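Dear colleague,

Please find below the structure that I am handing over to you.

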Amino acid sequence: MKNVVYVIMFLLFFSSVLFSQTIWLDEIDLSAIESGWGSPHANKSIEDNPLTIAGKTFERGIGTHAVSTLLLKLDGKGKSFSAFVGVDGETKSEKASIEFFVLGDKNVLWQSGVLKINDEAKKIELDITGIKQLGLLVTGSTDGIDYDHADWCDAEIELIENVPLSNLVTKRGIEPYILTPKPSDNPKINSAKVFGVRPGNPFLYTIAATGKRPMSFGADNLPDGLTIDKTTGQITGKVEQRGDYTVTLTAENEFGHAERELLISVGDKIALTPPMGWNSWNCWACAVDDAKVRASADAMVSSGLVNHGWTYVNIDDCWEIKPDAPEPELQGEARDKDGLINTNKKFPDMKALSDYVHSKGLKLGIYSGPGPLTCAGFTASYKYEEQDAKQYAAWGIDYLKYDWCSYNEIAKDRSLPELKKPYSVMRGALDKVPRDIVYSLCQYGMGNVWEWGAEVGGNCWRTTGDITDTWASMSRIGFNQAGHEAYAKPGNWNDPDMLVVGLVGWGPQLHPSRLTPDEQYTHISLWSLLASPLLIGCDLSRMDDFTLNLLTNDEVIEINQDPLGKQASRIYEQDGKQIWVKELEDGSKAVGLFYVDTRERKSPPDYFDWEKKDKTTITLNAADIGITGKFSVRDVWRQKDIGVFENSFQTEAPYHGVALLRVAGVKEKMD
Ligand code: GLA
């Protein structure tokens, strides 16, 4: 008998050794991790350095960034979880403060307490027997997520039996699906209905129109000084006389004729509708060069984006000389003898580049900052603001993103006068040059920039830190814009950062956006409702049909570009559902019904969607958007009328997705 017990014990021991499996966290599909910034890396920090906590380097693990969530499906097959956690030292910032949590089926099994930059790694050793879902969470403690680089080092899960890695993570996303019908062959004009220019400054407005080519364009009643190129639809010249001019644009092809009125306003205001275009940062970051910018301009035309009003091609950081850079192509004199800024070797001729971009009817943007160096350590404008503005104008630049970063060392403090000062200085310099340059402030929302961005002459201002292609980042930024609507108006826009659809990656390696298709519909719908600048952040030369569909629905774009210039407000938020409404010029309303499911995060379990529902029903009460009587509802993504309703309208929205509608009161016929 004794022997039988021994044999059984031996077999149990043997089978547990034989069948148990150890999984390193760095082996799983990292796209399952949501991080508040950047892309998590296996065996590297979030910024791709060796994993290092308080000076100690670890070979294995995951580098991520708060707020970071990962939900693993163990189905009771877990045995133990162990790891060392802490703040990665790469930022060297005292501001880093994070807290790690391990959750088992909604219960906190372990928590680190607040960890700071030089705190030793904390060891986790947990029995996870019987746990169905294991949640790994990093929060930004109580001071936000700035500098919160978080490492899970030597992180191992022991299982009682073999489980394929792919079964452990919830596969994010479903197949992309296209909602919008392709534009017809008939001509249709899509470009903005209002356009502002300063008297005497160079004018460029390209008629954006869909329809079969060849197409011939016209513009009746152009003010003196402007002419139209009938084959390209480019209107150019200069208008000296202030005033509002109503012009009739026309487009004609073998299938028909289209007309649309354009109001040209010659005065002090530009950017009368939110700027639309592309920016190099979210795809190429510092891997940007002249060829990539030209390729983007080419693709903006060849993909047809230009026919929907996309205009700006903006170079972000890394075109300047980088003092002390090891790379030869970045070295050189930062400025010439007159203090005019030099480009690095990746941009051999900025004027030629701008001529190239303009020849396509597009506009060129550039990037600098008020400090001595840009965020990526390249030469910026401190004490050379006038020379820089002059140089941009001479090159033919149309857009300037002006990024705070190293001005931190110059500013005495974060008081309002100190926050405003450098932006007013560059405004003054831009006002001295004979060119319309859209002025985009980038200082991540400090001092409630939305309250004074217009006062210092900004055409738009970033209201947040950097976006990344995760639901956590995009939804937090987007849905946090509630309350900023009072400050948006023609010429002055809140900017919740650039778009993260398509192939992104902060270069040179790119990956498809980690947002699910429904999350991407939410992203574009919300940014349109928010009257945000729309700056595409992906590689334009490699867009798939889904991405192109997201960016070329003219009814969605029209919501963003509406001449009234109102930003949507949130009118409803409950049970993970939100309703946002934007007033439009014709008296109708754009309405977004979102199934957000970001419940208020009061405690660690709230960070996870433990029981995710595929869709939900959302009800819009007409009275809540100021409509009485009957109203018509149009599905904007499908470009289809849904019908006429009274009092309320109900529809389904997918998980993390949206129903985007255009709603208008219907006048009852008198008998
Ligand atoms: C900051 C900005 C980004 C980008 C980089 C460039 O992080 O917020 O949008 O411009 O700098 O270095």
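How far is an oxygen atom of the ligand from an N or O atom in the side chain of Asp 316? The distance is 2.6 Å, which falls within the limit for a polar contact, namely a pair of N or O atoms within 3.5 Å (within protein, one must be able to donate a hydrogen and the other to accept it, and residues adjacent in sequence count only if both atoms are side-chain atoms). The side chain of Asp 466 places an N or O atom 2.5 Å from a ligand oxygen, and for Arg 462 the corresponding distance is 3.0 Å. Alone, the ligand exposes 300 Å², and the protein buries 92% of that (Shrake-Rupley method, 1.4 Å probe).

Please note that this is a predicted model, in which local features need pLDDT of at least 70 and side-chain atom pairs count only at pLDDT 80 or more, while totals for chains, interfaces and linings use all residues. Residues are numbered from 1 along each chain as its sequence is written, and side-chain values use heavy atoms, with hydrogens and water left out.

The ligand has 13 residues around it (a heavy atom within 4 Å). Those that come nearest are Asp 316, Asp 317, Lys 401, Asp 403 and Asp 466. By class, the shell holds seven nonpolar, six charged and no polar residues.

I turn now to the domains, whose bounds come from an automatic or database domain assignment. The chain is divided into domain 1 (22-168), domain 2 (188-266), domain 3 (276-567) and domain 4 (571-665). Domain 1 and domain 3 each give 11 residues to their contact (heavy atoms within 4.5 Å). Between these two domains about 730 Å² is buried, 43% of it from carbon and sulfur atoms (accessible area lost by both parts together, 1.4 Å probe). Six residue pairs are in polar contact across the interface of domain 1 and domain 3, both residues at pLDDT 80 or more.

Yours sincerely

How values were computed
Ala, Val, Leu, Ile, Met, Phe, Trp, Tyr, Cys and Pro count as nonpolar, Asp, Glu, Lys and Arg as charged, and the others, Gly among them, as polar.
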